[in-house]
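Please keep the view open while you read.

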Amino acid sequence: MKVNGKRMRLALAAALLTALVPLPVCARDDAYFRYRMSSDPPTLDPIQPPDESTGLYLFNIFDGLVEFSPGGVEIVPAVAESWTLSPDGTRYTFKLRKGVRFHNGREVVAADIVYSLKRGLQPKKGSGVVPLLDTIKGAREFAARAKPDLPGVLAPDPATVVITLERPFAPFLAALASVAGSIMPSEVYDDPKEGYLEHPVGCGPFQFEAWDRGVSIRLSAFKQHWKGPPAIAGLAFRFLPDVSTAFEEFKTGGLEYDNEVPLGRRAWIRANLAAEYRVWPRVATSFVAFNFLREPLRGNVKLRRALNFAVDRDRIARVLQEGKDVATSRILPPELLGHNPAPGPYRYDPAEAKKLLAEGGYPEGKGLPEIVYLTPNNEAILHYAQAVQSDLAAVGVKVRISAQQFGAYLKGIQGTKESGADASIFNLLWYPDLPDPDGFLRVLFHSTNFEMGNYSRYANPAADRLLDEGRAELDPKKREAIYRKAEDFLLSDASCIPLYYQFEDGLLSARVKGFVNNPIGDFATHLELIRLGP
Amino acid sequence: MILARMLHALPALWAAATLVWGFMFIIPGDPARIFAGRIGDPRVLEAVRGEWGLDRPPVERYLTWLGKVSRGDLGKSYSLRLPVAEILGRALICTSFLAVAAAIVATLVGVSLGAAAARRGGLFDGALITLTLAGISIPSFWLGLLLIVTFSSGLRWLPVSGYGEGLAIFGIHAPAFSNLMLPTVTLAAYPAALIARVTRAALLEQLSAEHVRAARARGIPASSVLWRHAFRSALAPVTTTVGLLVASLLGVAVATEIVFAWPGVGRAIFDALQRRDLPVVEGGVLLLTAIFLAVNLAVDLACASLDPRVRLGRG
């Protein structure tokens with residue numbers, strides 16, 4: 001083998017030069033609104049268990065009878081142009097809008113709503129929306145396959161849908177506005193080959209265009225949408241797992257919207273990207289939950305109150321959450337009916353905490369076993385979990401943090417029937433599936449909900465009574481009074497340690513107009529209303 | 001002999017399959033609960049556990065899975081509801097482009113720099129030692145971000161991330177060249193540094209060997225002595241190192257794939273792990289093991305052809 005050294009050197013130099021020559025950055029897809037997501041969704045089937053990320057695609061591909069207002073939690077007409085409610089509060093009659101079409105061109109008729117709600121009530125198909133719909137008459141029996149029909153949903157004519165409930169259920173319209181109310185065409189969703197998992201068909205403002213796994217999902221504007229065609233060509237959801245990479249993409253114009261700010265960069269962003277940086281409230285509260293099946297917290301309200309007085313919420317919100325969130329010792333966030341704007345009953349008061357600790361049988365924490373605190377292994381959450389730990393240590397309460405990977409944490413908080421969660425206290429950031437106090441207080445504190453949200457296993461007949469009343473009451477004024485009372489009761493019983501109302505922050509390109517964040521979550525943002533400037 | 005080596009690979013594949021299955025079994029996090037979300041409806045949990053076979057005894061689950069895998073059936077993803085082979089097949093193509101590009105760059109740069117250092121010595125050799133130390137020490141995710149900040153955000157020469165769209169061959173899209181550059185450099189940094197060091201050491205050893213000194217004494221030109229006598233003899237350890245590193249590139253590409261949003265196998269396994277999508281994780285690890293073993297065999301064959309003293313099956 002003869003190798004010419006000079007030629008080899010030349011080849012090497014050429015290779016290095018090629019690597020250094022600047023190349024044009026590939027053409028940008030400027031007509032699409034580019035949105036960062038961290039990973040691919042599992043599927044695009046609207047009946048899969050509700051999930052923040054999949055909701056975003058589903059809200060844009062599918063419409064329901066009603067929807068959430070832009071930027072709010074009010075219920076407004078969608079495929080149904082109007083509805084009436086019977087005096088006893090159990091029967092809704094919806095009149096459908098004329099000319100609403102699926103993406104395959106067929107007109108939406110009342111039978112499609114019957115079909116879609118029935119499809120959502122099939123746990124055997126892995127449907128996760130059953131709990132949102134099971135107040136419909138006959139829904140539980142239908143879901144359990146005890147009965148083949150669903151008497152609570154009828155289509156007396158192609159333009160009318162009648163839904164009857166077992167009993168009055170105030171958040172029912174909110175349930176229909178969620179992904180559980182997505183309207184699907186049966187000719188697509190009865191496909192035994194399940195082609196709809198990758199190519200969904202709805203009647204929403206954007207239709208499915210392409211799914212390039214690991215790269216992006218593209219939805220294009222549906223020109224025949226009943227609201228009129230969206231003002232943008234489409235949506236491109238780019239899968240960028242790394243927060244820092246996404247941030248650089250935003251800075252270089254590769255994204256119009258980046259909904260996750262890198263930790264520790266907020267001060268820099270406020271100073272340098274003030275026009276693009278936005279903060280908005282979320283219907284969510286972060287708190288430390290108690291395990292009511294375990295000693296010593298069970299049955300010792302003074303101890304639970306002592307822990308509430310020992311935590312410095314302001315420091316957590318101001319310093320550890322970089323000033324994004326608002327400290328609170330209440331549970332219901334400001335956007336929800338029943339929210340009480342008055343300060344909560346617990347301020348930061350270590351002296352009061354020590355006093356209550358002594359009254360609870362543990363003077364200066366003596367005799368109190370070490371408390372295990374379960375949290376997800378997430379940098380931001382660990383920051384404030386350590387702050388809670390040090391605040392409690394300052395009054396004599398020893399806490400050991402057990403930080404778990406998310407799957408293990410989820411299993412840990414759901415725990416077992418016998419002993420509840422795997423720890424005495426655990427971190428919980430609660431954003432309800434429905435923007436209603438029922439989706440907050442009942443899910444978290446009603447004794448019939450131990451396996452589906454009330455992981456504290458909190459059980460109190462007085463609280464149950466108030467929460468049942470609130471669910472059945474249809475008058476907003478009366479409901480507000482009931483939920484305020486319920487929240488006061490839960491706080492006086494020290495059912496948890498509220499920490500802060502969650503706010504979200506992100507970066508939005510200055511070329512985007514008409515984008516209004518929804519406090520329910522980004523998935524409910526009306527992307528069909530936005531426009532893109534030059 | 002080749003057949004014997006291939007048969008030897010089977011126990012290794014079985015061990016890898018069993019280990020990954022065992023790990024996935026013992027790590028905390030129930031796939032059904034993760035699928036069902038934070039409100040784990042017991043009706044949904046029961047239905048999916050039944051469908052996925054999670055309600056059956058562990059030994060039965062293991063044997064069923066092993067039986068399917070031995071027939072080439074990697075199963076279906078829990079969350080995506082697609083065949084695992086289809087998911088990994090697409091991802092493997094993307095990773096292969098990246099790994100092959102990184103292997104070429106690492107080999108060219110590593111061998112050239114190592115050879116030059118061995119030949120020149122002095123300051124150049126010292127600089128190479130420092131450079132390779134940096135290449136070995138810098139974590140790939142950090143190097144990736146550094147390159148993005150410099151070449152994408154700063155100079156605006158290259159795209160920040162993504163696969164891009166290059167030429168299509170038989171319906172398979174190659175990545176855009178501009179998108180391939182930064183991840184390639186990131187992934188190639190470590191193997192290039194290691195190859196440079198091994199090349200330098202092997203070449204220095206050969207340059208003082210008797211047959212090279214004899215060649216010099218015969219008056220053969222210096223460049224011919226270097227390339228024809230010393231370099232050829234040094235190729236065996238270099239080839240082994242290159243082979244092992246190239247094989248491992250597929251597995252270690254995960255950090256690079258995450259930083260550059262590259263839709264490869266490492267990222268597919270990482271995403272599946274988050275969701276406890278066991279069939280994808282198990283299939284992915286098995287695939288990487290099989291590739292590693294195949295590349296290893298190819299390297300042994302290459303070494304045997306380069307050095308007649310090396311014969312397969314003789315240890």
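1. Some ground rules come first. This is a predicted model, where local features need pLDDT of at least 70, side-chain atom pairs count only at pLDDT 80 or more, and totals for chains, interfaces and linings use all residues. Residues are numbered from 1 along each chain as its sequence is written, while chains are lettered from A and ligands numbered from 1 in the order in which they are written.

2. Let us begin with chain B. It has 13 helices and 2 strands; helices (H or I, at least four residues) and strands (E, at least two) are DSSP runs, numbered from the N terminus. Its C-alpha atoms fill a box of roughly 85 × 55 × 40 Å along the principal axes. Of its 315 residues, 45% count as buried, a term for residues with 20 or more other C-beta atoms within 10 Å of their own; 12 or fewer makes a residue exposed, anything in between partly exposed, and C-beta atoms are placed from the backbone.

3. Contacts in chain B are worth a look too. Two residues are in contact if their C-beta atoms, placed from the backbone, lie within 7 Å. Among the contacts in chain B with a separation of 6 or more, 71% come from residues 24 or more positions apart.

4. Do have a look at α12(B), which is mostly covered, with 7 of its 10 residues buried. The buried residues are V265(B), G266(B), R267(B), A268(B), I269(B), D271(B) and A272(B). Just after this helix, R276(B) takes a positive phi of about 55°.

5. How many residues of chain B are in contact with chain A? There are 54, and they meet 51 residues of chain A. Several helices of chain B each supply at least two residues to this side, including α5 (84-120), α8 (177-207), α10 (222-252) and α12 (265-274). By class, the side of chain B that touches chain A has 29 nonpolar, 12 polar and 13 charged residues. Here Ala, Val, Leu, Ile, Met, Phe, Trp, Tyr, Cys and Pro count as nonpolar, Asp, Glu, Lys and Arg as charged, and the others, Gly among them, as polar.

6. Chain A is divided into domain 1 (30-236 + 510-532) and domain 2 (282-503), with bounds from an automatic or database domain assignment. Taken over C-alpha atoms, the domain centres are separated by 33 Å. Where the domains touch, 16 residues of domain 1 are in contact with 16 residues of domain 2. On the domain 1 side, α4 (130-133) and α6 (172-177) each supply at least two residues. That side has 12 nonpolar, 3 polar and 1 charged residues.

7. Next, a helix pair in chain A. The axes of α11 (residues 313-320) and α13 (residues 379-394) come within 10 Å and cross at roughly 150°; axes are lines fitted to C-alpha atoms, for helices over the stretch in contact, and angles run from 0 to 180 degrees between N-to-C directions. That makes α11(A) roughly antiparallel to α13(A), a label for angles over 145 degrees. R315(A), I316(A) and L320(A) of α11(A) make the contact with H383(A), Y384(A) and A387(A) of α13(A). By class, this contact has 4 nonpolar, 1 polar and 1 charged residues.

8. Why is A403(A) partly exposed? Because 18 other C-beta atoms lie within 10 Å of A403(A). Leaving aside neighbours within four places in sequence, A403(A) is in contact with T375(A), N377(A) and L382(A). Its C-alpha atom is separated by 9.5 Å from that of I381(A), 22 residues apart along the chain.

Methods:
Parallel < 35°, antiparallel > 145°, perpendicular 65-115°, else oblique.
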